Amino acid sequence: MRALSGPREVTSIFIGGGTPSLMQPETLGEILEAVANAWHVPGGIEVTLEANPSSVEAERFRGYRAAGVNRVSMGVQSLDDRQLKFLGRLHNVEQALGAIRLARDIFPRMSFDLIYARPGQTEEEWKTELNQAIDLAADHLSLYQLTIEEGTPFYALHKAGKLSVPDDDQAARLYEMTQDVTAARGLPAYEVSNHARPGAESRHNLTYWRYGDYAGIGPGAHGRLATDGRKIATATERHPETWLENVEAHGHGLVELSELTSEEQADELLLMGLRVKEGVDLARWSSYSGKPVDTEREAFLMQLGLIERVGNHRLRATPEGMLLLNRIVTELS
């Protein structure tokens with residue numbers, strides 16, 4: 001990957017996907033050392049580790065901190081044992097609370113995830129759980145609505161009529177309430193599903209949403225790199241053992257290396273940029289698309305209350321528009 005990217009300065013490191021918190025701290029330290037050997041890593045950058053809040057993994061937290069991790073993101077998912085069982089999580093609420101407390105003691109920054117709009121969940125139940133989460137949070141929360149993905153057990157149950165999820169109107173009310181509660185409690189949304197105290201936004205995720213460059217290295221990782229005037233999309237082998245075999249044989253685990261067209265870059269910039277509250281730089285979008293924004297389509301979406309201008313040069317989705325991002329992108333691209 002270093003040969004493809006050339007010399008760069010690292011702005012953040014994110015160790016996630018799967019269960020990286022099963023690693024020994026020494027292994028994580030070797031990974032961070034390898035990154036520093038490949039690129040310039042300034043002191044004090046954000047280094048995030050994803051973790052599952054089981055007690056065994058939480059005991060490793062001090063070792064991860066000593067290795068260089070300064071931010072942890074935990075997949076708590078729910079603060080209700082019954083719901084954790086439904087979601088197929090291996091931890092319980094007691095373990096989650098213990099891991100949250102430990103993370104707050106050890107790491108300068110900490111975030112955890114929750115899933116809402118679960119079957120049978122009322123607005124009042126979610127409001128109570130959300131306020132409990134905010135009481136526990138350090139500076140950041142990721143709050144995702146439950147989606148029924150094809151190929152999952154949830155999908156089969158839903159298709160068979162054995163799993164009822166909130167309809168679109170109820171899901172929208174839950175989303176709007178989430179925005180209101182988090183804003184009132186000092187963790188406003190800066191992205192469609194992410195909330196932070198001012199200055200505590202995930203710097204790594206902002207790189208994605210601002211359509212910056214990132215190197216995806218481990219199994220199943222994707223990347224975007226600008227090099228020699230081109231934007232390159234990369235993907236690595238998903239199967240860990242096969243990925244390792246490829247690295248040992250060829251020096252990398254890449255299975256995809258393709259150049260994105262200007263139109264593809266414009267679409268990706270729009271899709272990612274409209275997710276964040278700061279919106280999209282229209283001059284940058286025009287530089288990729290080769291055209292100005294369609295004023296008639298923009299006016300139509302503004303009339304519907306789905307988008308708005310930020311000054312003269314940026315466009316962003318309104319809170320209502322955040323619920324219809326795919327439609328907005330289709331209309332504007």
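## Domains

Domain bounds here come from an automatic or database domain assignment. By that assignment the chain is divided into domain 1 (1–200), domain 2 (216–260) and domain 3 (276–332). This is a predicted model, in which local features need pLDDT of at least 70 and side-chain atom pairs count only at pLDDT 80 or more, while totals for chains, interfaces and linings use all residues. Residues are numbered from 1 along each chain as its sequence is written, and side-chain values use heavy atoms, with hydrogens and water left out.

How far apart do the C-alpha centres of domain 1 and domain 2 lie? The separation is 25 Å. Five residues from domain 1 and eight residues from domain 2 take part in the contact, where contact means heavy atoms within 4.5 Å.

## The nonpolar cores

Let's turn to the cores. A nonpolar core is a set of buried Ala, Val, Leu, Ile, Met, Phe, Trp, Tyr and Cys residues joined through side-chain atoms within 4.5 Å. Buried means under 20% relative accessible area, exposed means over 50%, and partly exposed is in between (1.4 Å probe, protein chains only).

The largest nonpolar core has 69 residues, and Phe-61, Met-74 and Phe-112 have the most contacts inside it. A second, separate core has six residues, among them Tyr-190, Ala-196, Ala-200 and Trp-209.

Helices (H or I, at least four residues) and strands (E, at least two) are DSSP runs, numbered from the N terminus. Ile-13 sits in strand β1 (residues 12–15) and counts as buried because its relative accessibility is 11%. Ile-45 is 32 residues away in sequence, with 7.9 Å between the two C-alpha atoms. Apart from neighbours within four places in sequence, Ile-13 is in contact with Leu-32, Val-35, Ile-45, Glu-46, Val-47, Thr-48 and His-204.

Arg-71 belongs to strand β3 (residues 71–77). Is Arg-71 buried or exposed? With a relative accessible area of 2%, Arg-71 is buried. Not counting residues up to four places away in sequence, Arg-71 touches Glu-46, Val-47, Thr-48, Leu-49, Phe-107, Arg-109, Ser-111, His-140 and Ser-202. Pro-108, 37 residues from Arg-71 in sequence, has its C-alpha 6.4 Å from that of Arg-71. Leu-130, in helix α7 (residues 123–136), is buried because its relative accessibility is 0%. Leaving aside neighbours within four places in sequence, Leu-130 is in contact with Leu-143, Thr-178, Val-181 and Thr-182. Of these, Val-181 is 51 residues away from Leu-130 in sequence and 8.0 Å away in space, C-alpha to C-alpha.

## The second largest pocket

On a 1 Å grid over the protein atoms alone, a cavity is a set of points where a 1.4 Å probe fits but cannot get out, and a pocket is an open set with protein on both sides within 12 Å along at least five of seven lines; lining residues have an atom within 4 Å of a point. Grid points are joined across faces, edges and corners, and a volume is the space filled by probe spheres set on the points. The second largest pocket holds about 800 Å³ of space. Its lining has 26 residues, and Gln-145, Thr-147, Val-192, Met-322 and Leu-323 are the closest to its centre.

Domain 1 and domain 3 each give at least three residues to this lining. At least two residues come from each of β5 (140–145), α9 (168–184), α12 (262–273) and α15 (325–332), and α9 gives the most, with five residues. The lining divides into 18 nonpolar, five polar and three charged residues; here Ala, Val, Leu, Ile, Met, Phe, Trp, Tyr, Cys and Pro count as nonpolar, Asp, Glu, Lys and Arg as charged, and the others, Gly among them, as polar. Ala-183 also lies in helix α9, and is partly exposed, with a relative accessible area of 45%.

Most residues other than glycine have a negative phi. Tyr-211 has a positive phi of about 60° although it is not a glycine, and for Asp-228 phi is near 55°, also a positive value. Tyr-211 lies in the loop between α10 (203–209) and β8 (222–227), and Asp-228 in the loop between β8 and β9 (230–236). Tyr-211 counts as buried at 3% relative accessibility, whereas Asp-228 counts as exposed at 69%.
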